[in-house]
Amino acid sequence: MIQLKHVCKSFDCLKTFVVDDVSLRIETSEILILLGSSGSGKTTTLKMINRLVEPSQGAIEIDGENILACDVIALRRRMGYVFQGTGLFPHMSVEDNIAIVLKLMGQPIKKRMQRAHELLDMINLDPKVYAQRLPEELSGGQRQRVGVARALAADPNILLMDEPFGALDAITREELQDELLRLNRDLHKTIVFVTHDLSEAIKLGDKIAIMHEGRLQQMGTYQEILHAPATAFVKDLFATKDSAL
Ligand SMILES: Nc1ncnc2c1ncn2[C@@H]1O[C@H](COP(=O)(O)OP(=O)(O)OP(=O)(O)O)[C@@H](O)[C@H]1O
Ligand SMILES: [Mg+2]
């Protein structure tokens with residue numbers, strides 16, 4: 001369970017807040033969608049959960065433990081992070097990118113490569129063709145899939161995913177969405193997933209948290225939000241199911 005308690009983030013000494021008093025709770029094995037317009041504070045919120053960004057105020061707890069009290073390396077190993085725009089290391093091969101966390105954990109090379117190839121199979125990239133390539137030798141969608149594989153390498157309980165399927169064609173996107181639902185169902189991963197796309201949010205989210213200008217507008221199931229939108233912003237957003245921010 002991940003809990004945010006009155007979390008605020010300011011980059012200008014508390015003059016303005018890009019995340020403003022956000023409190024929310026993500027149950028274990030749940031998929032929470034962070035949905036919001038550009039600049040609404042989604043990435044900043046996600047980064048605070050694994051301490052890539054420190055909150056200015058408030059607290060974040062994982063299973064009741066304040067993350068500031070955890071060793072930061074150990075904390076991040078419990079969480080896979082898929083960066084917006086993938087964030088692969090350009091000078092490293094695909095298999096090395098996927099296995100980087102396992103290397104940091106001191107796993108022997110044979111075991112790391114075996115896991116990297118298993119994950120490449122899972123994301124439908126033939127290891128014989130793709131394992132040795134550099135990220136620049138992949139399409140944008142293939143790079144995004146490698147980013148997802150890398151986040152899964154150490155089998156973390158929590159996955160933080162920042163618009164992981166943004167650059168994919170509709171078919172690949174559907175496939176990976178289905179794969180993510182399977183991971184969540186079979187392996188009980190807790191997932192925080194950022195998107196601009198309402199239909200993706202509805203398909204994947206057990207709950208949806210809607211952000212606007214740093215504030216949490218509403219959080220609930222799609223049905224709850226649809227039937228009782230809390231703000232004018234949410235009402236407009238849900239007026240059409242196909243809307244994307
Ligand atoms: N390191 C930083 N220094 C100063 N301002 C920042 C920093 N990081 C983010 N911001 C600002 O914080 C606000 C929220 O940014 P954030 O990246 O969280 O938005 P987002 O909701 O993820 O947007 P997008 O959908 O475009 O990815 C933006 O106005 C951004 O310019
Ligand atoms: Mg973002």
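These legends describe close-up views of one predicted model.

The model is predicted, so local features need pLDDT of at least 70, side-chain atom pairs count only at pLDDT 80 or more, and totals for chains, interfaces and linings use all residues. Residues are numbered from 1 along each chain as its sequence is written, and chains are lettered from A and ligands numbered from 1 in the order in which they are written.

**View 1. Domain 1 and domain 2.**
The chain splits into domain 1 (1–78 + 158–245) and domain 2 (88–155). These bounds come from an automatic or database domain assignment. The C-alpha centres of the two domains are 25 Å apart. Nine residues of domain 1 and ten residues of domain 2 make the contact. Two residues are in contact if their C-beta atoms, placed from the backbone, lie within 7 Å. On the domain 1 side, six nonpolar, one polar and two charged residues touch domain 2. Ala, Val, Leu, Ile, Met, Phe, Trp, Tyr, Cys and Pro count as nonpolar; Asp, Glu, Lys and Arg count as charged; the others, Gly among them, count as polar.

**View 2. The largest nonpolar core.**
This core holds 58 residues. A nonpolar core is a set of buried Ala, Val, Leu, Ile, Met, Phe, Trp, Tyr and Cys residues joined through C-beta atoms within 7 Å. Buried means 20 or more other C-beta atoms within 10 Å of the residue's own, exposed means 12 or fewer, and partly exposed lies in between, with C-beta atoms placed from the backbone. Ile33, Leu34, Ala149, Leu160, Val192 and Ala209 have the most contacts inside the core. Domain 1 (1–78 + 158–245) and domain 2 (88–155) both supply residues, so the core lies between them. Leu160 is in contact with Leu46, Ile49, Asn50, Met79, Gly80, Tyr81 and Val192, leaving aside its neighbours within four places in sequence.

**View 3. Helix H1.**
Helices (H or I, at least four residues) and strands (E, at least two) are DSSP runs, numbered from the N terminus. H1 is mostly covered, with six of its eight residues buried. The buried residues are Lys42, Thr44, Thr45, Leu46, Met48 and Ile49. Just after H1, Arg51 has a positive phi of about 65 degrees.

Helix H7 (residues 170–187) has 18 residues. From first C-alpha to last it reaches 25 Å, close to the 26 Å expected at 1.5 Å a residue. The expected span is 1.5 Å times one less than the number of residues. Just after H7, His188 takes a positive phi of about 55 degrees.

His6 is in strand S1 (residues 2–9). Its phi is positive, about 50 degrees, although His6 is not a glycine. Is His6 buried or exposed? His6 is exposed, because 12 other C-beta atoms lie within 10 Å. Cys13 lies in the loop between S1 and strand S2 (19–26). Phi of Cys13 is also positive, near 55 degrees, in a residue other than glycine. Cys13 counts as exposed, with 7 C-beta neighbours inside 10 Å.

**View 4. His117 in helix H4.**
His117 sits in helix H4 (residues 109–122). With 19 C-beta neighbours inside 10 Å, His117 counts as partly exposed. Leaving aside neighbours within four places in sequence, His117 is in contact with Pro127 and Ala131. His117 and Leu102 are 15 residues apart along the chain, and their C-alpha atoms are separated by 13 Å.

**View 5. Phe238 after helix H10.**
Phe238 is found in the segment after helix H10 (232–237). Phe238 counts as partly exposed, because 19 C-beta neighbours lie inside 10 Å. Not counting residues up to four places away in sequence, Phe238 touches Ile225, Leu226 and Pro229. Phe238 and Val129 are 109 residues apart in sequence and 43 Å apart in space, C-alpha to C-alpha.

**View 6. Glu65 in strand S5.**
Glu65 has its place in strand S5 (residues 65–66). Glu65 counts as exposed, with 11 C-beta neighbours inside 10 Å. From C-alpha to C-alpha, Glu65 and Met105 are 23 Å apart in space and 40 residues apart in sequence.
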